[in-house]
Each structure stands twice: as structure tokens, then as C-alpha cells.
Amino acid sequence: MIRKENIPFFLVDQMISEIKKEYLEKLKEYEIAYYIYFIEKNGELTGVLSQRELFQMNENVSFRDLMKKEIVKVEATVDQEEVAILAI
């Protein structure tokens with residue numbers, strides 16, 4: 001089971017410069033680090049960003065200003081074939 005602390009999660013209002021610094025400091029702790037996930041203060045998933053995209057971004061803005069807002073969410077119990085169809 002993957003725990004939240006093993007995945008790069010950041011608050012959506014954090015500045016990109018802060019996210020880059022913290023991400024690099026904790027990189028070895030992450031079980032999966034290809035994508036960075038962004039949440040609201042209430043824990044709701046708000047956006048996602050690839051590692052590559054993160055390091056190409058302007059550091060003087062918050063993720064909220066740049067985030068992809070159309071993400072696909074599914075419950076953990078959804079069949080993997082259904083998830084694959086949604087991802088296409």
C-alpha cells in the first residue's frame with residue numbers, strides 16, 4: 001500500500017520555488033515521484049504535474065496559477081480496465 005507521505009503532495013497555493021526545494025529535499029523518501037500532486041487544505045486533490053513540467057516552470061508563481069484542472073479521479077475499487085479507458 002502506498003501511503004500519502006511516500007508520494008509528493010503539495011498545497012496548491014505554494015510557490016513553485018518552495019515546491020522545487022522541498023521536492024528535491026524529500027526525493028529519496030518518495031515511493032513514486034514521476035508526478036507531483038496538489039491538494040487543497042481540506043485534502044481534496046486539485047491538480048497534477050509531471051516532474052519534468054515542475055522544473056520548467058516559472059518559480060515566482062503558485063501552482064494554482066498554472067495547474068491542470070481537468071484530472072481524472074477514481075475510487076480505489078474501480079476496475080483497472082475502466083481506469084485505462086478513462087485515461088485514454
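1. Charges first: the chain carries 12 positive and 17 negative charges, and their mean positions lie 6 Å apart.

2. A word on what we're looking at. This is a predicted model, where local features need pLDDT of at least 70 and side-chain atom pairs count only at pLDDT 80 or more, while totals for chains, interfaces and linings use all residues. Residues are numbered from 1 along each chain as its sequence is written, and side-chain values use heavy atoms, leaving out hydrogens and water.

3. On the fold: I count 3 helices and 3 strands, running β-α-β-β-α-α along the sequence. These are DSSP runs numbered from the N terminus (helices H or I, at least four residues; strands E, at least two). The C-alpha trace spans about 40 × 25 × 25 Å along its principal axes. Of the contacts with a separation of 6 or more, 56% join residues 24 or more positions apart; contact means heavy atoms within 4.5 Å.

4. Now the surface. Buried residues come to 30% of the 88 in the chain, where buried is under 20% relative accessible area, exposed over 50%, and partly exposed in between (1.4 Å probe, protein chains only).

5. Have a look at L24, L27 and F55, which make a nonpolar surface patch of about 260 Å². Patch members have over 30% relative accessible area and no salt bridge, with nonpolar side chains (Val, Leu, Ile, Met, Phe, Trp, Tyr) joined within 5 Å and like charges within 9 Å. A salt bridge would be a side-chain nitrogen of Lys or Arg within 4 Å of a carboxyl oxygen of Asp or Glu. L27 sits in the loop between α1 (16-26) and β2 (35-39) and counts as partly exposed because its relative accessibility is 32%.

6. F10, in strand β1 (residues 9-11), is buried, since its relative accessible area is 1%. Beyond neighbours within four places in sequence, F10 touches I19, E22, Y23, Y30, I36, Y37, F38 and I39. From F10 to E75 is 65 residues in sequence and 21 Å in space, C-alpha to C-alpha.

7. Finally, S62 lies in the loop between α2 (51-54) and α3 (80-87), yet counts as buried because its relative accessibility is 10%. Neighbours within four places aside, S62 contacts V12, D13, Q14, M15 and I16.

Note on methods
Lys, Arg positive; Asp, Glu negative; His and termini not counted. Charge placed at Lys NZ, Arg CZ, Asp CG, Glu CD. Areas by Shrake-Rupley, 256 points an atom, 1.4 Å probe, with all protein chains shown as cover.
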